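The following paragraphs are an explanation of a protein structure, written to be read beside the sequence and the model. They take up charged pairs, a covalent link, backbone geometry and a pocket in turn.

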Amino acid sequence: MRIRRIGIGLIAAGLAVLSAPIVAQAQDTPQPKVLRVAVTGTIATMNPFMAYHLGDTEIGRVMYAFLTSYSRDDFSPAPGLADKWQVSDDKLTWTYHIRSGMKWSDDQPITAKDVAWTFNKIMTDKTAATANGNFVANFDTVTASDDNTVVIKTKTPQATMLALDVPIVPEHVWSKVTDIGKYDNLQYPVVGSGPFTLTNFTQGQSITLKTNPDYYGDKPAYDQLQFRHYDNADAAVQGLKNGDVDVVSGLTPAQYTALQSTPNVTTVKARQGRQNDLLINYQAQTNTHQPIGDANPVLKDPKVRQAIAQSVDVKTLVDKAYGGLAEPGSGFVPAVFGQWHWSPGPGQEQKFDLAAAGKLLDDAGYAKGPDGVRLDKQGKPINLRLLVDSGIPAQTASANFIKGWLNQIGLGVTLQALSSEAVTDAGTSGKYDLQMNAWTGNPDPDALLSIQTCGVLPDADGNGNTENYMCDPQIDQLYKAQLSEMDQAKRVQDVKDLQARLYALDSSIVIAYPNSLEAYRSDRWASFGLQPSQGGSITHQNGYYGYLLAKPADSASSGGGANTGLIVGIVVVVVVVLGVGAFLLSRRRRAGADERE
């Protein structure tokens, strides 16, 4: 099965007016300050063991704390539940000190036992490992020597021990769960440790969280965080102009440009850990190496995949499909992550060259038929299905360019613009030839690289975290090497070598690293906690600072404040729109267009 790292997918059309009746209030009764967030896609689950869509993990990050976290300033390791740690000389034993005095939202103490229980559950329950099993695959034992000490012993040195992106859950709640996979985690209020506590989730309508007064860190400057379902981003942008929306993310270049001249609106452009790629399905399989899906067998030929790669002009896509608000794609790890990013050097780059691509196919024996479409080795016209999420404008535009280029080299292409859910279903079952996709990565590349390994291929029931069914011995070897390499420079080289191998196989073609494009009502909200703090984004962070540190402007009620008389009527709900164009690895993609974190 495939992780859909596209985060929050845009779907359908039309915008229903969100409204709520306000009943009679006493003159001085204060209303709660509410930051309302509109999601433009389906939130799949509130179960942190099963959450891999970016939309799910976006909400999960405000509900649960992690052992360590990522700094708001520069993504460097920062304290979480653990405020300090140490590693043994042989790099096999990590000891974490858990803060004293922390509480779960039901007033029970948070201890090292909760941390140990969470990791052991993932280590021993295959279903519980669905979202985050890669983090613990190298663990030997996890124990709580006392309420404030967690000791993790690994089989080999592990370089990611300060980047364990695993929500820690309360043992006293989850130890009673008999079937992790079927547990919806909707027993309100849901017991958590993050800055907000889940109080209601109605699928396709809304998600409501209240401020957690027992959270160990900074306290939000408002009372409630609410996510509400919206049908599309275009209508949300209009809502922003009308004053019905506070923040919009996932803007198209045209929307972003138009909003720059809109009164009371501030736009935000940031580099982000997201990449968009074109998947080529040539080896869809289970973890027992049983073929699945119905991909065109011609894609098994490396020459065909190379020809496709040479027929994609990433610079034109950035300029035309992304309006220049992106960076051209190359390596699998997004460019924003600096030292981990790889780009092909001289002699490695598969440059855009339609003539060379056509010659590759000629030399490989794929002659053109009378209509100009090439024939496979059985004499049948080659026609490839290219799947794209219809709600993501940049991907739809890119797909049209790619279709045209492939047609020019004699490959037939049928463009299928589907709903986010339909794209996910096709990807999960391996029923596609080409597919537009997107991922969001973490500052540490391990989780993003893990989706390219044999170990995450799906089982017979479809449980697995693979991007595109990759299973290559050389990639597996490089992945294991980088995971255990404690010398930073050597690990960086392993990561780059892995990306080079992936590039050479043409399993996917990274086309762009899009900018995060957002806008907010600056007459309502004074500021947000960006990550990174200089030039960062509000939403889809490797943290929760955008929500945690949101500050209402003095003149804005944000849905709250005191009434000035007896009011009975209707008020338009203020919402914040999250849209990255797709359900994408912090966090993941189970097929389709967005990631894991």
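Asp294, Arg385 and Asp433 are joined in a network of salt bridges, a salt bridge being a side-chain nitrogen of Lys or Arg within 4 Å of a carboxyl oxygen of Asp or Glu. The structure is a predicted model, in which local features need pLDDT of at least 70 and side-chain atom pairs count only at pLDDT 80 or more, while totals for chains, interfaces and linings use all residues. Residues are numbered from 1 along each chain as its sequence is written, and side-chain values use heavy atoms, with hydrogens and water left out.

Helices (H or I, at least four residues) and strands (E, at least two) are DSSP runs, numbered from the N terminus. Arg385 has a relative accessible area of 19% and is therefore buried; buried means under 20% relative accessible area, exposed over 50%, and partly exposed in between (1.4 Å probe, protein chains only). Asp433, at 2% relative accessibility, likewise counts as buried.

In general, side chains of opposite charge can pair when their charged atoms come close. By the rule for salt bridges, the count comes to 14. One of them is formed by Arg61 and Asp165, whose closest N and O atoms are 2.8 Å apart.

Arg374 lies in the loop between helix H9 (354-363) and strand S18 (383-389), and Asp362 lies in helix H9, so the pair ties together parts that are 12 residues apart in sequence.

The next link is of another kind. A disulfide is a covalent bond between the sulfur atoms of two cysteines. The structure holds 1 disulfide, the term being applied to a pair of cysteine sulfur atoms within 2.5 Å. Cys454 and Cys471 form it, with their sulfur atoms 2.1 Å apart. Cys454 and Cys471 are both in the loop between helix H12 (446-450) and H13, 17 residues apart. The angle about the S-S bond is 105°, and the link of Cys454 and Cys471 is right-handed. Cys454 is buried, as is Cys471.

The loop between H12 and H13 also contains Tyr469. Tyr469 has a positive phi of about 65° although it is not a glycine, and it is buried, with a relative accessible area of 0%. His540 is another residue other than glycine with a positive phi, near 55°. His540 is placed in the loop between S23 and H15 and, at 9% relative accessibility, counts as buried. The loop between strand S23 (525-527) and helix H15 (545-548) also holds Pro532, which a cis peptide bond joins to Gln531, with omega about -5°. The peptide bond from Tyr188 to Pro189 is cis as well, with omega near -15°; Pro189 is found in the loop between H4 and strand S11 (196-202).

The last topic is the space left between the atoms. The largest pocket has a volume of about 790 Å³. On a 1 Å grid over the protein atoms alone, a pocket is an open set of points, reached by a 1.4 Å probe, with protein on both sides within 12 Å along at least five of seven lines; lining residues have an atom within 4 Å of a point. The lining of this pocket comprises 31 residues, of which Gly133, Asn134, Ala137, Gly455 and Val456 lie nearest its centre. Its largest share, 5 residues, comes from H13. Domain 1 (34-246 + 524-554) and domain 2 (274-516) both give residues to the lining, so the largest pocket lies between them; the domain bounds come from an automatic or database domain assignment.

Notes
Points joined across faces, edges and corners; volume = space filled by probe spheres on them.
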